[in-house]
Amino acid sequence: MPDPVAADAIRRIHGWGAVALHAIANRPRASIEIPLWLSASSFVLVTAICLLAALLPYQRVRKIDPLSVLQGG
């Protein structure tokens, strides 16, 4: 069973690290604005790439006879 004092110390360090990271990352410098068309086209492109990457192995697997796979030959 882990030491409760050590676990509490780890939680506190993690919490303070998250607070520090939030303080560093949320400084208002130059804001980054991503247009809607760029977000939408990126989503469509990534979805198409993922579907194509999944479709190619699927087409290959469909050609294999299930009986030969189950028999091990």
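What percentage of the 73 residues of the chain count as buried? The share is 0%, where buried denotes under 20% relative accessible area, exposed over 50%, and partly exposed the range in between, with a 1.4 Å probe and protein chains only. The structure is a predicted model, in which local features need pLDDT of at least 70 and side-chain atom pairs count only at pLDDT 80 or more, while totals for chains, interfaces and linings use all residues. Residues are numbered from 1 along each chain as its sequence is written, and side-chain values use heavy atoms, with hydrogens and water left out.

The chain contains 3 helices and 0 strands, these being DSSP runs numbered from the N terminus (helices: H or I, at least four residues; strands: E, at least two). Read from the N terminus, the order of elements is α-α-α. The chain is more spread out than a compact globule, because its radius of gyration is 25 Å, well over the 11 Å that the globule rule gives for 73 residues. That radius is taken over C-alpha atoms, and the rule is 2.2 Å times the number of residues to the power 0.38. Along the principal axes, the C-alpha atoms fill a box of roughly 60 × 50 × 10 Å.

Helix H1 spans residues 4–25 and includes alanine 25. Alanine 25 counts as exposed because its relative accessibility is 57%. Between alanine 25 and proline 35 there are 22 Å in space, C-alpha to C-alpha, for a separation of 10 residues in sequence.
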